[in-house]
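Here's a quick briefing to read alongside the model.

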Amino acid sequence: GKRIAVFKAGTSEVGRAAVQSHTGALAGSDELFGAVCRDEGIVRVAEPEDLLPVARALCEARAARGRRVLVYTLSGGGASVLADALALQGLEVPPPGAATVQACDALGDPFIRAANPFDVGSSVFSNPDAAGAALELAAADPGIDAIAWIGVGAPRDERSNHLLGQALDALAGCGKPAVVLPLSGTPVEPGFARAHQLDIPVARSAQGAALLLRHALHAAPAIPAPAATATPAHAAHDAQAGHPPAPQVMHEARAREELARAGLHMLTAQFAPDPAALRALAAAARYPVALKGLARGVAHKTEAGLVALRLADAAAVEAAAAAMASRHGAALEGYTLEPMLDGGVETVIGVRVDAQFGPMLMFGLGGTAVELFRDVAFTQCPCSAERAQALVEGTRAWQLLRGFRGSPRADLAALTRALATLSDHAVAQAGNLLEIEINPFIVLPEGRGAFGVDALIIQRPPEAP
């Protein structure tokens, strides 16, 4: 029942190496660590100095209040940086209401024009009192849920102390969450003592201010935390011993069968162990087709020249198979021939069994560019269809799936069912499993389903006797 704020070292390769030299396996995959934090409602901060301010904000029990922030600033550049940081936290910077604009115009200062960000920097030298009055009016706008006040520097002279004092009066009186962001100085300087007394946090950076406002506005996640999954005993042992298991790549035909038995819809593929059997399949096939070669130890076929798409006839199949055989020789274990799917969105779904967190479900934009765009998100297993929907919405692929620029809406129900099914299968097989990847997993237009085209399962080696 307690909220948690955490800072984690070891996000880069060098950082991970440094951490591992002290604490062994505690610095796992940074992407997976971030996913677990999101699942569990843990607040992850970017700097260790942000821990105590965020923890202080989390101590206040509150309902969700919205996401609309007023950026009131003495520095236009600082406001732009903060607006970017707020957007990354899912917060909005909406324009003020018409009544607020009229009230600010009535102050009669030509340098004060209500907007958001609300930049009053030009008025502070000629009419500092007007700047304070405008803040009171803007903070009272019913379309605003929180306020960020940006000062140029720490209060070290009469003018800066006067401006901060006016701002604190307005912020304390509006009854809304607020944060002060100085563009120079440190939050512990004596001039900020009154802000601390009023429980108005002083942020170290734009990112820190945006994080504070996000958690001042949002309650703890309402989504139930996923059921805990035990880390496989031998996974933990391997990690501690420093001996990663030698992976075993399952034959694709067997991987397809296993996933189909688990309830995933896999595109029908016919297996041919040799060129003669492939010729027979090609003679009876409906074209166009895709040909894939199966070679021992090869996990990614496209890069190895083991995929030929949109083949128009049997002669094209035979030529493509001969080219694959010339590249891989005795390592080639056969071929699969399968129909081409028209339309749909290419995604990737998969599972990675992490040494610390157990099975982690993955979703993202798929196809050959999956590693180039790295549009993937993770969540813990087991995963319900409802939580799978949230996982999908956290990627750029979501824009394509819901219909982009006139394209049909994809079958999201079929996709989320598949993700939940894969999650359950991974939990059941976690003791023998390292990775599962179905890429591409093609999501057809609404009502037409979703199908796996290529299957990769990497298993742990058998336990030594």
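The second largest pocket has a volume of about 570 Å³. A pocket here is an open set of points on a 1 Å grid over the protein atoms alone, where a 1.4 Å probe fits, with protein on both sides within 12 Å along at least five of seven lines; lining residues have an atom within 4 Å of a point. The volume is the space filled by probe spheres set on the points, which are joined across faces, edges and corners.

This is a predicted model: local features need pLDDT of at least 70, side-chain atom pairs count only at pLDDT 80 or more, and totals for chains, interfaces and linings use all residues. Numbering runs from 1 along each chain as its sequence is written, and side-chain values use heavy atoms, leaving out hydrogens and water.

- Of the 29 lining residues, E60, A178, D199, I200 and P201 sit closest to the centre of the second largest pocket.
- Two or more lining residues come from each of α3 (51-58), α7 (158-174), α8 (193-197) and α9 (206-217); helices are DSSP runs (H or I, at least four residues) and strands are too (E, at least two), numbered from the N terminus.

**Positive phi**
- D199 has a phi near 60° and belongs to the loop between α8 and α9.
- D199 is partly exposed, at 47% relative accessibility (buried is under 20%, exposed over 50%, partly exposed in between; 1.4 Å probe, protein chains only).
- R310, in strand β10 (residues 307-311), has a phi of about 55° and is exposed at 61%.

**Cis peptide bonds**
- N116 to P117 is cis, with omega near 5°.
- N439 and P440 are also joined by a cis bond, omega about 0°, and P440 lies in strand β15 (residues 433-443).
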